[in-house]
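I opened this model to look up a few spots. My notes follow in the order I took them.

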Amino acid sequence: MQFKFTRRKFKEDPTIVKHWRENSKAIEKFQFVYNFIPHPTRKKRATLLSNKAIFVYCGIIILVTAALRIVPKFFPGVLGYASNIVVKDLLYYTNKDREEANLPDLRLNAKLTAAAELKAKDMFENGYWAHVSPSGTEPWDFIIGENYDYIYAGENLAKNFSTSKEVVQAWYSSESHRSNLLSANYDEIGFAVVNGVLNGYETTVVVQMFGRPREPSMVASVYEENKVLEEEANKTTAMGQEEQKVPTAQKVITSVTSMSKPKVDVTIATKSLTLVFGGFVSSLLTLDLWYSKKMGISKFSGQTFAHLTMLLIVIVSVWFVLKPGLVL
């Protein structure tokens, strides 16, 4: 319809015809299709795959990354990692890995569990993510503080995960953390799953503490393990009901194992942006290669390769920067 309208205008005003003939670039402005496919006569890439466009894409990615890092500093808790992690499942997957390695199961110990929760809350309250606090407090200080007399002890940390299985898999994939999971030196274990705002992000921190008591007779019994699991389940229910009555601004640190969704879930946002942007660029590249081959257009150069490589590096870098799930 637009083409017919243009032709009518040409007949009505001969000066327009002269203008279009003398200004070939003016015609290209209306050739929208060349934003997506290469120009067959000029041997150029699609406009959306030009060097300029690639630089624009890189700029957008960098701006989005910066926004996801800066926003939490001014609006804590707006961004976060929603999760559903429970102690029972953490214990199950940990012992499953040990059974596959022909090692005995670890018993859930109340004192180690209390020490792990104190460590998790201390990280939120003092704003750090490390085995040793800024004041020099070590994991063993929390364990000793709960009157747990041990021969061997260890600690694994995790944050920004969605499920219990993902947490244990991440520990198992890390050599140093796997050595704790599969150590024959431990008889007992304690877990803490605590929600709060850390470094501006609403997240779930998981603390796993291992131990072997000095006296073998002090190893947790099945009764103690079941009691700890029951207390964790009751705590989850109680805190979940209480959280509904508390304004969002006052939700600083909670021990509930099921976390309310933040306003923007960084995991979902990152995956969505990666899929949308990656799919868009991949579609353009596929269309570009197909059309170029069909029309016999040769336009690939070292400069093109360098720019596309830079774009790939930026995308991969953003993924690693925003990648959810960290273990320590």
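I started at Glu188, whose side chain makes a polar contact of 2.5 Å with the side chain of Tyr148. (A polar contact is a pair of N or O atoms within 3.5 Å; within protein, one must be able to donate a hydrogen and the other to accept it, and residues adjacent in sequence count only if both atoms are side-chain atoms.) The model is predicted: local features need pLDDT of at least 70, side-chain atom pairs count only at pLDDT 80 or more, and totals for chains, interfaces and linings use all residues. Residues are numbered from 1 along each chain as its sequence is written, and side-chain values use heavy atoms, with hydrogens and water left out.

I placed Glu188 in strand β4, residues 188–198. (Strands are DSSP runs of E, at least two residues, and helices runs of H or I, at least four, numbered from the N terminus.) The side chain of Glu188 also makes a polar contact with that of Asn109, at 3.1 Å.

Next I followed Asn109. Asn109 caps the N-terminal end of helix α6, with a side-chain oxygen 2.8 Å from the backbone nitrogen of Lys111. Helix α6 covers residues 110–126, 17 residues in total. Just after α6, I found Gly127 with a positive phi of about 60°.

Last, I turned to Phe75. Phe75 lies in the loop between α4 (51–74) and β1 (79–80). Is Phe75 buried or exposed? Phe75 is exposed (over 50%), with a relative accessible area of 52%.

Definitions and conventions. The expected span of a helix is 1.5 Å times one less than its number of residues. Buried means under 20% relative accessible area, exposed over 50%, partly exposed in between (1.4 Å probe, protein chains only).
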